[in-house]
Amino acid sequence: MKPMPSFKFPISNFLLILALSLPAPAQEPLGPAIKVDVNLLLLEATVKDRSGRILKDLKQDDFLLDADGQPQSISHFSRDQLPLAVALVLDLSGSIEPFLRPLRYATLSALKSLKPEDQVALFTFTDDAQLRVPLTRDKRDVSDQIEDLLAGGSTNINQGLYDAAQYLRREAPAARRVIVLISDNVPTAASVNHDAVIEQALEADAAIYSIKVPGRNPPEARLTAKLLGRSSNITKMTSETGGEILDMEKEGSLFLSLQTLIERLKTRYTIGFYPAQQGQTAGFHRINLRLHPSFGGKGRDYSVVTKTGYFVSPSRASSR
């Protein structure tokens, strides 16, 4: 019987085949890896003392939470850990034309203080809304787009906010979602009611903030705004979704307004809870977030800026 022929197989070839057959190593995430259960409801909160100063060093045990009047157990607690998805919603009506040039510098400078993994999108609106820059980590891309924009037309604030909320819900399901309206807050056109905007923002878990700039509005525009005030209530849309209105004239400049806003976002607490069975039914569910009684009374000794409740759509309720 003839001996079997011997084959010399270079060890380097063997190692190459072995390396190709092994699964590729997992890539490092860009930001902190935080897993959030789909049934976990999250809310963002900023806490201020009586003088308006931000309380930055609160712990989970300092908070108490009720939903529909029932005490809830807090299952998740963090501060500025989850990545941000910010939709800038810019008024392009003629009344804010003087602020477009300083706005580019303000966004370029202020957005640098966001985390590298945070994303920003740019919407503009006049009589209708338009997505100019999809969510991106390249903050310069947003500021560069602003430089080429031209102002002119009416002011359909609600449509811009509504479209931004829909977009964030679809494109950023795992991020903390924030809508930043930059406008003189004088609506001269309306297509959706502010209640529909609030519902859409609550479904998207998106807080609406407003940076109010002084606009150049003729008397007829102010009259139109007064008539539309019932359907475009900026104060209601910000307060019920957990946001605030920052007045540029009080803050000092657009840059300082944006910087203040970003600092607020960095000091917002993320609080998560699993609602009881009745809290998963379709409709609006009211929440009350407060501090331990040792901090005093809510509204007297401190204030909590957060959304007033959450909305469960029929489709989400049926899938739970």
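This is a predicted model: local features need pLDDT of at least 70, side-chain atom pairs count only at pLDDT 80 or more; totals for chains, interfaces and linings use all residues.
Colleague: What makes helix 4 and helix 5 roughly parallel to each other?

Modeller: Angles under 35 degrees count as roughly parallel. Helix 4 (residues 157-171) and helix 5 (residues 194-203) pack at an angle of about 20°, with their axes 9 Å apart. Helix 4 and helix 5 are therefore roughly parallel to each other. Helix 4 passes helix 5 in a left-handed crossing.

Colleague: Which residues of helix 4 and helix 5 meet?

Modeller: From helix 4 they are Asn 158, Leu 161, Tyr 162, Ala 165, Gln 166 and Arg 169, and from helix 5 they are His 194, Ala 196, Val 197, Gln 200, Ala 201 and Glu 203. By class, this contact of helix 4 with helix 5 has six nonpolar, four polar and two charged residues.

Colleague: Why is Asp 80 called buried, and why is Asp 68 called partly exposed?

Modeller: Buried means under 20% relative accessible area, exposed means over 50%, and partly exposed lies in between. Asp 80 has a relative accessible area of 18%, so Asp 80 is buried. Asp 68 has a relative accessible area of 36%, so Asp 68 is partly exposed.

Colleague: What makes the phi values of these two residues worth noting?

Modeller: Most residues other than glycine have a negative phi. Asp 68, however, has a positive phi near 55° without being a glycine, and Asp 80 likewise has a positive phi of about 55°. Asp 68 is placed in the loop between strand 2 (63-67) and strand 3 (70-72). Asp 80 lies in the loop between strand 4 (74-79) and strand 5.

Colleague: Which residues of the largest nonpolar core touch the most other members?

Modeller: This core has 33 residues, and those touching the most other members are Leu 88, Leu 90, Val 180, Ile 182 and Leu 254. Among the elements that each supply at least two of its residues are strand 5 (84-91), strand 8 (176-183) and helix 9 (254-266). Helix 9 gives the largest share of this core, five residues. A second, separate core of 29 residues includes Ala 87, Ile 157, Ala 165 and Tyr 167.

Colleague: How do you know that Asp 247 is in contact with residues beyond its neighbours in sequence?

Modeller: Contact means heavy atoms within 4.5 Å. With neighbours within four places in sequence left aside, Asp 247 is in contact with Lys 212 and Ser 257. Asp 247 lies in strand 10 (residues 245-247). The C-alpha atoms of Asp 247 and Ser 257 are separated by 7.5 Å, although these residues are ten apart along the chain.

Colleague: How many helices and strands does the chain have?

Modeller: There are ten helices and 14 strands. The chain has 320 residues, of which 49% count as buried.

Definitions and conventions
Residues are numbered from 1 along each chain as its sequence is written. Side-chain values use heavy atoms; hydrogens and water are left out. A nonpolar core is a set of buried Ala, Val, Leu, Ile, Met, Phe, Trp, Tyr and Cys residues joined through side-chain atoms within 4.5 Å. Buried means under 20% relative accessible area, exposed over 50%, partly exposed in between (1.4 Å probe, protein chains only). Helices (H or I, at least four residues) and strands (E, at least two) are DSSP runs, numbered from the N terminus. Axes are lines fitted to C-alpha atoms, for helices over the stretch in contact, and angles run from 0 to 180 degrees between N-to-C directions. Angles under 35 degrees count as roughly parallel, over 145 as roughly antiparallel, 65 to 115 as roughly perpendicular and the rest as oblique. A crossing is left-handed if the near helix is turned anticlockwise from the far one by less than a right angle, and right-handed if clockwise. Ala, Val, Leu, Ile, Met, Phe, Trp, Tyr, Cys and Pro count as nonpolar, Asp, Glu, Lys and Arg as charged, and the others, Gly among them, as polar.
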